Structure formats: structure tokens, C-alpha cells
Amino acid sequence: MFYQVYPRSFADSDGDGVGDLGGVLDRLGYLELLGVDALWICPVMRSPMADGGYDVSDPRDIDPLFGDVALLEDLVAEAHDRRMRVTMDLVPNHTSDRHPWFVAALAAPPESPERARYIFRDGRGPGGDEPPNNWPSIFGGPAWTRVTGADGAPGQWYLHIFAAEQPDLNWDNPEVVADFEQTMRFWLNRGVDGFRIDVAHGMAKPPGLPDMARVETKMLVHDDSDPRFNNPAVHDIHRRLRKVLDEYPDAVSIGEVWVDDNTRFAEYVRPDELHLAFNFRLAETAFDAAEIRVAVDNSIDAVRSVGASPTWTLSNHDIEREVTRYGGTGVGLDRARAMILLELALPGAVFVYNGSELGLPNVDDLPDEVLQDPVWERSGHTDRGRDGCRVPMPWEGRRPPFGFTTAEKSWLPIPPQWSELTVETQLERMDSMLSLYRMAIELRGARPEFAGLGIDWYGSPADCLAFRRTGGLVCALNASAVPIPLPPGELLLASAPLEGGMLPVNAAAWLV
Ligand code: NOJ
């Protein structure tokens, strides 16, 4: 099980209200107790933080907000002692606009080697006043920003698929490839076990940068015909990067790949490309048995042709928290409990986002003035962005900030009601979400019934599903409106107490 740490929201060790690597180090015992096999730590490299660290100004240093390189090395060593692996988040598609390369590009003339590391173009229309094409930024507004020339007059435009502070790199430039390889080696040489690769379906841009046929953009809504992503040349890039990883035994890569078509998706996890790719089908699926079944089949089918492992994820730092998606505290929590049992019953790699194990809901009423996601500004204050799923973890005590920080306030306020959701409270209660996660993860690691790569579906009542792992584990899920009889077998774990021997609504159970 991979555990995703969003460092600014996990634990603060230096009292500035923002989580950091010292906080992760301090809480490794917790992660061990939870049963984590590997960490994915969201970006901690030097960054002006225009997009929570996904705007990197020095990819081979740690931002002082989070610590320093020595601290990262300590964290990796201590995690290894506890038999946990550590993967870092790398951002190859773009840099920060404060990266020395981009600063140099702005100072250099058009057609210079400095500009050739990015994607600069002349504008269209009279005076080059219009962007070079019609691409929108994922965060709202156009994907192009015009720069001012040395003479003070309006000059060329540069491409940024995300915020204007995140200029896209030109991966046709060998210098860009070599620099990224250097970054990978830098961290691998310090003991890091691999990388989560941001926007792994980006990087390569289509020749001529043609207009988009349908200009519509929204985060997490993807269309395979979108020319900004999934261009065939991206696979050569992944093959290059894989060669570096292969110099380090056991190093692993996980790509963020938003591609719907299974054949195209599978291309990313061919034996000489990424090891794993996130499949977001479950995170996009409602609590509906038929839809869940389609998503599960789809995720398994997507990688079968290339022999890669499926991956499962219910949420991350970009996605509304699952408790909220499934209906909010109450019914949403019951369903999230059922879904983690479903997920942990499946073959492949499971990714848990920090706070999911506490059943945290989204916080949708954050005051405007604390919002930090660039989406809020770029959408002209029409989209509140992703801060609601990034609220810090409540650790202990009765009042915010619940041991997250010694500062009076955390960088995003934690709701006072989360006193019932703290780690401290949940560790003491057998019926808590955290206890369910701990029991399920332990059983998954220990029981032989979780062996094998296949699943077989069972017949099940309407709006329910049941499957059997090759090793013998049976998982049943009730998304109907009435309790259902359990399949035959001995009950191993259930997400809710049985009702007269029946599986209640919005619940799942494991049997052997
Ligand atoms: C995907 C990351 O998960 C997201 O948080 C970020 O904003 C974009 N990539 C841009 O780097």
C-alpha cells in the first residue's frame, strides 16, 4: 500500500503552521502502525509555491519550508529501517517561472538557446496580439502568456498548460532531457526508491501546436482527443527515463496518466516505460455497484495486455475527498468504509491519500482569504479549487490545530468538529475508520487468500457485487437499499456490523 503524503498538510515540526519533512519523520511510527509499504511524498523541491510546490525552481534542492536535503536523507534512512520505501514527486512537464532557466529565457531574445528550453512562439494576428493557438490552461484562462521584449514592447508568448507561473518545458531539447535525468540520479543517489511522475502524459507536444477542436477545459475532465496531452512522442521520453531508473535496482516509477482509452493507457506501462500508472476510474465512479464493477474490470483490463500491475485510488490532493463524494458524513463515511475494503481486496497497488484513513471530508467552507490553489484566482473566483481536500491532518487534542502544529493556526484552518476524527481518538476506537484501515491492511499483507492476480465475479443481488480473488478471498459490497445475505464462507472483516447475519446497506465484507 502506497501512502500519499501532502507534506504541507501532514505534520508541522517547526511551528510555522505548514507541514514539513520533519513532521513526516516524527510521524513515521504512525505510518508503520498503519501498515504502509511505501510513501509518495508530493513535491518538496525548491519552489515559490504558486501551485503547492508543483512549480519547481530548483529540482535538486529541498525547499526551506519543508527542510533540507540532509533531512530528506534522514527520513529515507529511517523509513528504510522501518521497511518503508520512499518515492518523491517529480515535475517534468514544467518548471517555475522563477527557475533560472526561465529567468534567462525572459532576458534572452527570440530564437535563442535560452528560449529553446521552453515553448516560446510569436503571437497570431496583427502585431502578434493573439495567442499562438487556442489552448486553454487547465487552471482557467489561456495557456499562453505574452512577455515583454528587451525594448519594452510586447514580445513572444510562452506556453503554460497549468498556471502562468508554470512554463512548459520543451522536451524536444536534449538539454531538458539531460537535466531531468540528472535530477533523477540526484535523488536516487540519496536513497530515494523512485518517483511519482507529474503529468506523465504531458511533456511531448504535437508538431505545429494545432488548435484544439473543442475548447473546453476543466480539471480532471479529460478527453483523449485533447492535443495538449498523450502525444506519441511522450513514450520515447519514458523509455529514456526508464533507462536511468534501471540503473538502480528496485527503483520504481508511477505516472500520473489521464488517458481513457485502455490501449493508449497501457502504452505507458510497457516493460520499458513506467512501472505503474495511476488509474483514476474508481475515483471517478459513483457508489453504484454496476459502475464500480465496470471501473474494476476496466482498470484490470487496461494493464493486462502489457503485464503491468493495476493501481487503485479513491482520492488524492486534486480530487474531492471520497467521504464527501459519496454523500458526506454519515452515508458518505459508510460508503468510504465499504470502498476501502473493496479497494484493498483487489490485486495490484493501492494508493491511500493522507487523511482518507481518518475519513476526513472535504472542507467546502474555507474562507476566501485562506484559499491558495491558483485555480481560485485563474477561474475569476468561480472555482474554489482543491484546498478543500488539502486541510491538515488532525492528530490529537480537542481543539484546532489538533497537534498538527505548535503555531496557533495551521495554513488552512482545521474544522473544530474534527475533534472526533483525530488520530488519537480513532486509535482508541475499534469501530473507527483508522481501525478499519489498520485491520484491513494487516489482513491484506498476511493472509494467503489475497494471492493471485485474477478476480472472478459472483452472481449477486441487484445493486450489489461480489468477487473472488484467485487466492480465495471473497469481497461483497452492498450498494442497494436493503440488507443482503452474505456469500458462503467465514467472515474476515466487515465495514459495518452485520444486521441479523445480513450485510447492511452501504457496506462491504471480506470472507474466506
Ligand atoms: C498534477 C498535480 O497532481 C497537481 O496538483 C498539479 O497542480 C498539476 N499536476 C500541475 O503540476
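Residues are numbered from 1 along each chain as its sequence is written, and side-chain values use heavy atoms, with hydrogens and water left out. In this predicted model, local features need pLDDT of at least 70 and side-chain atom pairs count only at pLDDT 80 or more, while totals for chains, interfaces and linings use all residues.

The largest nonpolar core has 147 residues. Such a core is a set of buried Ala, Val, Leu, Ile, Met, Phe, Trp, Tyr and Cys residues joined through side-chain atoms within 4.5 Å; buried means under 20% relative accessible area, exposed over 50% and partly exposed in between, with a 1.4 Å probe and protein chains only. Tyr3, Trp187 and Trp510 have the most contacts inside this core. Helix H11 (residues 331–345) gives the most to it, with eight residues; helices (H or I, at least four residues) and strands (E, at least two) are DSSP runs, numbered from the N terminus. A second, separate core of 16 residues includes Ile119, Trp135, Val199 and Leu209.

Helix H9 covers residues 289–304. The expected span of a helix is 1.5 Å times one less than its number of residues, so the 16 residues of H9 should span 22 Å, and the 23 Å between its end C-alpha atoms agrees with this. Among the buried residues of H9 are Ala289, Ile292, Val296 and Val303. The buried residues of H9 are covered by elements including helix H8 (262–267), H11 and strand S15 (464–469), where contact means heavy atoms within 4.5 Å. At the start of H9, a side-chain oxygen of Asp288 comes to within 3.1 Å of the backbone nitrogen of Ala290.

The whole structure holds 19 aromatic pairs. Rings of Phe, Tyr and Trp (its six-membered ring) pair if their centres lie within 6.5 Å; planes under 30 degrees apart count as stacked, over 60 as edge-to-face and the rest as tilted. Phe2 and Phe351 are stacked, because their ring centres are 4.5 Å apart and their planes lie at 20 degrees. This pair links strand S1 (residues 2–5) with strand S13 (residues 349–353), its members being 349 residues apart. Phe2 is buried at 12% relative accessible area, and Phe351 is buried at 3%. Phe287 and Tyr326 form an edge-to-face pair, with 5.9 Å centre to centre and 65 degrees between the planes. Phe287 is in the loop between strand S11 (276–277) and H9, and Tyr326 in the loop between helix H10 (322–325) and H11. Ring pairs also link Phe2, Trp40, Trp258, Phe278, Phe280 and Phe351 into a cluster.

Charges also sit over rings, a term that requires NZ of Lys or CZ of Arg within 6 Å of the ring centre and within 35 degrees of the ring normal. Arg190 lies over the face of Phe186, at 3.7 Å from the ring centre, and the charged end of Arg384 is 5.0 Å from the ring centre of Trp376.

Most residues other than glycine have a negative phi, and most peptide bonds are trans. Pro400 and Pro401 are joined by a cis peptide bond, with omega about 5 degrees. Pro401 is in the loop between helix H12 (374–378) and helix H13 (423–428). Asn230 has a positive phi of about 55 degrees and is buried, at 8% relative accessible area. Asp250 has a positive phi near 75 degrees and is exposed, at 60%.

Conventions
Polar contact = N/O pair within 3.5 Å; in protein donor to acceptor, adjacent residues only side chain to side chain.
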